[in-house]
Amino acid sequence: MRSGKSERMRFQLKNVTRRFGNNIAVDAVNVDIPQGQMVGVIGRSGAGKSTLLRMINRLADPTSGSIHFGDSEVSGLRGKSLRNWQRDCAMIFQQFNLVPRLDVLTNVMLGRLNHRSTTLSLLGIFTYEERLMAIAALERLGIEQTAMQPAGTLSGGQQQRVAIARALMQGPKMILADEPIASLDPLNAKIVMDALRDINEREGITVITNLHTLDTARHYCERIIGMAAGRVVFDGSPDELTAAAVQEIYGSDKHGAGIDESMTSTSINVANLPTGETASQSAGPKALALARH
Ligand code: ADP
């Protein structure tokens, strides 16, 4: 039986459709996600994965159908309630979406914007506690040494970790990641996926991530949603993702040959890579010094 809390934080898409002109990007999707799941969304390019994620965080609106979180209808939210929802479901993008000329610490603190007054935010005034929180988030991601560097000078893998730290600052109930490792090399892809899994496991935050590679989805996600031409054609555990299911998600190539899993491999050889950099949850002495900076 579900606990009251997980029922309150249950997330549902009901018959959600999104059209762009005559093109149906997302077609009558029904999904029900209890709080705390790690969900991978897979499918060919153009299958509708990104549109689906953008609708959850209301960067795009459904043409029809509705989105619910607990008792609240997300698809009907306006104004402050909509901003609160966008704070509750932090978004991570393939291209990181940091402000390159601002230092890493400020980029992370920008995750607090929806928690504070507009005036303080506009003036860029952050409290000592917010700085500490930001540094603890950076430590957790193993990149506190970059705190004072302009974000644009970091490697792609480091920038994605900054984006995850910023997402943590939002205090989210859900993290939505749109192809978070598509621009990264295998080692950094592993570090980023390990970080998302750690957040999911330790904080019980739901993670929904689009992934273009099957092996990553199989390895990291307890639930996989397969999309093809806007529809959900698979929804189950990695064990249930049979060759026939993979075929239905990815179809055949233009010569009619079946898809081979290796074609969608990231080549993250998960077993052979070093363990992801771990992070302490509390700010250490270096963090305290930076916070006072
Ligand atoms: P995926 O993330 O699986 O690659 P998308 O959600 O980006 O798929 O796209 C699904 C379909 O919707 C594609 O046919 C794409 O061209 C179309 N689409 C997505 N966004 C827009 C848009 N802003 N305007 C017009 N068509 C769009």
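Colleague: How many bridges join strand β1 to strand β4, and which way do the two run?

Modeller: Five bridges join β1, residues 11-20, to β4, residues 64-69, and the two strands run antiparallel. Strands here are DSSP runs of E with at least two residues, helices are runs of H or I with at least four residues, and both are numbered from the N terminus. Two strands are taken to pair if DSSP finds at least two bridges between them. This is a predicted model, in which local features need pLDDT of at least 70 and side-chain atom pairs count only at pLDDT 80 or more, while totals for chains, interfaces and linings use all residues. Residues are numbered from 1 along each chain as its sequence is written.

Colleague: Which residue in β4 stands opposite lysine 14?

Modeller: Lysine 14 has serine 66 of β4 opposite it.

Colleague: And what is the strand order in the sheet?

Modeller: Four strands form an open sheet in the order β2-β1-β4-β5, with antiparallel pairing. The edge strands are β2 and β5, the latter covering residues 72-73, and each of these pairs on one side only.

Colleague: Which strands does α2 touch?

Modeller: Helix α2 packs on the sheet and touches β1, β2 and β4, with its direction making about 60 degrees with that of β2. Contact means C-beta atoms, placed from the backbone, within 7 Å, and the angle, on a scale from 0 to 180 degrees, is taken between N-to-C directions of axes fitted to C-alpha atoms, for helices over the stretch in contact.

Colleague: Is α2 mostly covered or mostly open?

Modeller: Mostly covered, since seven of its eight residues are buried, namely Lys49, Ser50, Thr51, Leu52, Leu53, Met55 and Ile56. A residue is buried if 20 or more other C-beta atoms, placed from the backbone, lie within 10 Å of its own, exposed if 12 or fewer do, and partly exposed in between.

Colleague: What surrounds the ligand?

Modeller: The shell consists of Phe20, Asn23, Ala25, Gly43, Ser45, Gly46, Ala47, Gly48, Lys49, Ser50 and Thr51, where a residue is near the ligand if its C-beta atom, placed from the backbone, lies within 6 Å of it. The elements that give two or more residues to this shell are β2 (23-33) and α2 (49-56), and the largest share, three residues, comes from α2.

Colleague: How many of them are nonpolar, polar and charged?

Modeller: The shell has three nonpolar, seven polar and one charged residues. In this scheme Ala, Val, Leu, Ile, Met, Phe, Trp, Tyr, Cys and Pro are nonpolar, Asp, Glu, Lys and Arg are charged, and the others, Gly among them, are polar.

Colleague: Switching to the backbone, what is the phi of arginine 58?

Modeller: Arginine 58 has a positive phi of about 65 degrees although it is not a glycine, and it lies in the loop between α2 and β4. Glutamate 179, likewise not a glycine, has a positive phi of about 50 degrees and lies in the loop between β7 (174-178) and α8 (186-203).

Colleague: Why does arginine 58 count as partly exposed?

Modeller: Arginine 58 counts as partly exposed because it has 18 C-beta neighbours inside 10 Å, whereas glutamate 179 has 20 and therefore counts as buried.

Colleague: Last topic: how many residues are in the largest nonpolar core?

Modeller: That core has 76 residues, and those with the most contacts inside it are Val108, Ala137, Leu138 and Ile175. A nonpolar core is a set of buried Ala, Val, Leu, Ile, Met, Phe, Trp, Tyr and Cys residues joined through C-beta atoms within 7 Å. Leaving out residues up to four places away in sequence, alanine 137 touches Val108, Ala165, Leu168 and Met169.

Terms used:
Contact = placed C-beta atoms within 7 Å.
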